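Q: I have a structure open and want to go through it with you. Can we take it piece by piece?
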Amino acid sequence: MNMPHDSRFSGLFQAAHALQPKTVSLRRQLHKHPEQGLLLPKTQAAVLHALEGLDLKIVKGNAVGSVVAVLRGARPGPTVLLRGDMDALPLTEDTGLEYASTEPGTMHACGHDTHTAMLASAARLLHARRDDLAGQVVFMFQPGEEGHHGARFMLDEGLLDVAGTPVEQALALHITSKELSGVIRCRPGPIMAGADSFHVKVTGRGGHASMPADALDPIPAAAAMVGALQTALTRRISVFEPAVITVAKITAGTTTNIIPETALLEGTLRTLSDQTRKTMVEEIVRVCEHVGAAHGCAVEAWVKPGYPVTVNDDAVADRVLAIAAEVLGPRYSTVQPNPLMGAEDFSYVLRQVPGAMAFLGGCPPDTEPADAAPNHSNRVHFDEAALAHGVTMYAAFALDALSG
């Protein structure tokens, strides 16, 4: 690893590495006892315990099981925010790890246990260097990222004003098994998609399957909608504007000799701009209603809003990459060429604060990234050596922003 030339970062990775036993211990504790959703009592207690002994202002969530910790530097200055999400996924783990989940049906399959542990160690590292800070650091320990809009709840509870001065920059790291261990990947502009779910109920008239003319079959109408939605996407959205529409679930009928009264379609819409999102939300409803009308069926179509597009501030994203090259070495700093079509609720924070989401490589040793089990797999696991890189990045980002 190259030694940093910027004196502000001198010894930073070494300090993060010295904290590695604490980081790994907390990560494994959280991994063994995962929790889902917005209320995470065991996880919240573990975070509070990890922060004991530090001179921090601690604020616990009211509606959700969040923890916000504020570190004040030695001198006045701006406020930066660092995010680590805490919740797990509804999966039964199949990794064989000695610290595997003890909770059937719940697993840290997206690495949020690593994010939480890295953020707690970053708080400890920055606390030791608070004489170098001109301003405040807000540590955002967030529940409910996996589809529960946890960040939005925290914003509603005053997250951005908790330090007394508005947050001016923000950073979130997300580990991935599909990148070499320790590498930081970031890009300006959209980095993750907006995600909405759509639901369509097609109502006809049931009858005997041998006499379809005496019934009004909703299944051909539903089948026609699948193709029509794909056509709408390619004909209404520019080929240069990425978007995905997937019908992921079709439910209809009970047996082979009955035409059902209803058919249900469900799926996801992924977009990288607000305008494309708006256009396709309208198209989904319009297309399904008109295809249904052409078949003589009644249609109820609605789109349930999900997370907005995650958009990195250009200057902050560039700075993240520059900091990674400085503190970790140039080979650990990589521009992500394309956005991912997954979604993130850190997007809510980035709608209000210039900041960036960056990915941290955590591919296991002796495994090629292409062959590694991906995030959200019940077999995914991460190289814990990467955690020191994440701690370093969190701390360096704050030191860079608050060095005035």
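Q: What does A263 touch, not counting residues up to four places away in sequence?
A: A263 touches V200, K201, V202, P218, A222, T251 and A252, with residues up to four places away left out. Contact here means heavy atoms within 4.5 Å. A263 and P218 sit 45 residues apart in sequence, yet 5.8 Å apart in space, C-alpha to C-alpha.

Q: What kind of model is this?
A: This is a predicted model, in which local features need pLDDT of at least 70, side-chain atom pairs count only at pLDDT 80 or more, and totals for chains, interfaces and linings use all residues. Residues are numbered from 1 along each chain as its sequence is written, and side-chain values use heavy atoms, with hydrogens and water left out.

Q: Is A263 buried or exposed?
A: A263 counts as buried, at 1% relative accessibility. Buried means under 20% relative accessible area, exposed over 50%, and partly exposed in between (1.4 Å probe, protein chains only).

Q: Which strand is A263 found in?
A: Strand 12. Helices (H or I, at least four residues) and strands (E, at least two) are DSSP runs, numbered from the N terminus.

Q: Which side chains of strand 12 point to which face?
A: They alternate along residues 262-271. A263, L265, G267, L269 and T271 point to one face and are buried.

Q: What does strand 12 pair with?
A: Strand 8 (residues 194-203) runs antiparallel to strand 12, joined by 10 bridges. T203 has T262 as its bridge partner. Strand 10 (residues 243-252) also pairs with strand 12 in the antiparallel sense, over 9 bridges. There, I245 has L269 as its partner. Two strands pair if DSSP finds at least two bridges between them.

Q: New topic. Where is R27 found?
A: In helix 2 (residues 20-32). R27 counts as buried, at 1% relative accessibility.

Q: What polar contacts does the R27 side chain make?
A: One is with the side chain of D113, at 2.8 Å. Another is with the side chain of E384, at 3.0 Å. A polar contact is a pair of N or O atoms within 3.5 Å; within protein, one must be able to donate a hydrogen and the other to accept it, and residues adjacent in sequence count only if both atoms are side-chain atoms.

Q: On to helix 8. Which of its residues are buried?
A: V316, A317, V320, L321, I323, A324 and V327. Seen down the axis, the buried residues fall within an arc of 160°, so they line one face of helix 8. That arc is taken from the directions from the helix axis to the C-beta atoms.

Q: What covers the buried residues of helix 8?
A: The cover includes strand 5 (167-176), strand 16 (355-361) and helix 10 (386-401), among others.

Q: What caps the N-terminal end of helix 8?
A: D313. A side-chain oxygen of D313 lies 3.1 Å from the backbone nitrogen of A315.

Q: Last one. How many disulfides are there in the whole structure?
A: 0, by a search of the whole structure. A disulfide is a pair of cysteine sulfur atoms within 2.5 Å.
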